[in-house]
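Hi everyone, thanks for coming along. Let me put the structure up, and then we'll walk through it together.

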Amino acid sequence: MKTLERLFLNLLRPQVQHAEDSLQFAYRDKVGVEDAIIYLLHRVHSHLDKGSGTVRILFLDFSSAFNTIQPLVLQDKLLRMRVDPCLVAWISSYLTDRPQFVRMKDITSDTVVSSIGAPQGTVLSPILFTLYTSDFFYNSEMCHIQKFADDTAIVGCIRDDEEEEYRCLVRDFVAWCHNNSLQLNTSKTKELVIDFGRDRPRPRPVQIGTEEVEGVQTYKYLGLWLDNRLDWTSNTRQLYKKTQSRMYFLRRLRSFNICRKLLWMFYQSVVASILSYAVVCWGGSVTKADLSRLEKLIRRASSVVGMKLKPLATVAERRTIDKLRSIMDNVRHPLHTVIHSQRSLISQRLRLPKFRTNRLGNSFIPRAIRLFNSSLGGRRANRRTGTTLQ
């Protein structure tokens, strides 16, 4: 069945590419979690760098998002996207009249027929959900809505307490969810307010229906902990605890006299994958003390594995340059035009954008441009000396 779904997915993607939300970062080629976080932070840093501003981020939570898709509504949306009617008919048939039952050993439950939602764990369900939500999009200078599958964030860049656009966007999205049978879980929906102004009163909370949204100081977004000071201490603390727990298994493996190669493979897949998760988003802004704590874990892992492992700073620099090149090569990336506008007219270098605060100066785009320009200088030097970069 999954093989058949992949065949239909290859037919569907080219037909809906024009209708995809440009700020939907899930299930798209060369775009993922890091891109969603980088885009969010770039908008936040750029606004706050101008001074005397506030950023409000509403992290919305859906109740059983995939299970609430209405096949008839999705069918109408696909037809408006000019998808082949035969393919739309197959998708509608795929989502309706699905028999389900539960079997435990020799006991089988009654069969229930479902015609709502998309079956989870299948190939088509993720792309169908993103298409179901693609007709609501918003991106202005002061506000935007970005999505990662069902993880949705509404970002409002407020100046002079002008919140009307932000509040209107929230009301419009809540109404759209109601019209499309998507249920918001208000108790799990949180708002993060970032404001570096002194003695400024806390803004009036946002309401969804009759319930007020809770304001928080930290929020876990796509696996990273964000806080209202744009500080990565909370995220580093969580990374440190999680990596330490996995180091235990690495030491246990060594006690069984496992060879170095297998220990290194385990480290890369189980330990390093956690330690360097989305490092391009926070690697340039983390404090020296927090970075030192994480580097100590790598040195401990080196002694367990029995070989020198790459420092986190080195991994962050390499991945940052790779991510910048990926954005430059992807014309559909939301930040492509931002970086393209920094291209020099007389060389391959990128111009460094202007900034007033170190928060923006250490964020992804300025840091990536500095590393990118340095790598170009290194390549020219190696050509002159006749050496080759690996």
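Which residues in α11 are buried? They are Leu312, Val315, Ala316, Thr320, Ile321, Lys323, Leu324, Ile327 and Met328. By buried I mean under 20% relative accessible area, with exposed being over 50% and partly exposed in between, using a 1.4 Å probe and protein chains only. As a reminder, an α-helix has 3.6 residues a turn, so residues three or four places apart point the same way. Helix α11 itself covers residues 312-329, and its 18 residues reach 26 Å from first C-alpha to last, close to the 26 Å expected at 1.5 Å a residue. That expected span is 1.5 Å times one less than the number of residues in the helix.

A word on ground rules. This is a predicted model, where local features need pLDDT of at least 70 and side-chain atom pairs count only at pLDDT 80 or more, while totals for chains, interfaces and linings use all residues. Residues are numbered from 1 along each chain as its sequence is written, and side-chain values use heavy atoms, leaving out hydrogens and water.

Now the overall picture. The protein has 14 helices and 13 strands; these are DSSP runs numbered from the N terminus, with helices being H or I of at least four residues and strands E of at least two. Of its 390 residues, 47% count as buried. The C-alpha atoms fill a box of roughly 65 × 60 × 45 Å along the principal axes. Among contacts with a separation of 6 or more, 69% come from residues 24 or more positions apart, contact meaning heavy atoms within 4.5 Å.

Next, the inside. A nonpolar core here is a set of buried Ala, Val, Leu, Ile, Met, Phe, Trp, Tyr and Cys residues joined through side-chain atoms within 4.5 Å. The largest has 67 residues, and Ile57, Tyr221, Leu250, Tyr267 and Trp282 touch the most other members. Helix α2, residues 33-48, gives the most to this core, with 8 residues. A second, separate core of 43 residues includes Phe8, Leu9, Val88 and Trp176.

Let's stay with α2 for a moment. Since 13 of its 16 residues are buried, α2 is largely enclosed by the rest of the structure. Tyr221 has Ala36, Ile37 and Leu40 among its contacts, leaving aside neighbours within four places in sequence. Leu230 lies in the loop between β13 (224-227) and α7 (233-255), and at 17% relative accessibility Leu230 counts as buried.

What about disulfides? A search of the whole structure finds 0, taking a disulfide as a pair of cysteine sulfur atoms within 2.5 Å. Cys281 is buried, at 6% relative accessibility, whereas Cys168 is partly exposed, at 27%.

Finally, the record. An unreviewed UniProt entry places a "transmembrane region" at residues 262-285. In the model, that span is 75% helix and 0% strand, with end C-alpha atoms 33 Å apart. UniProt positions follow the numbering used here, feature names are shortened, and annotations may be inferred rather than shown by experiment.

Thanks, everyone!
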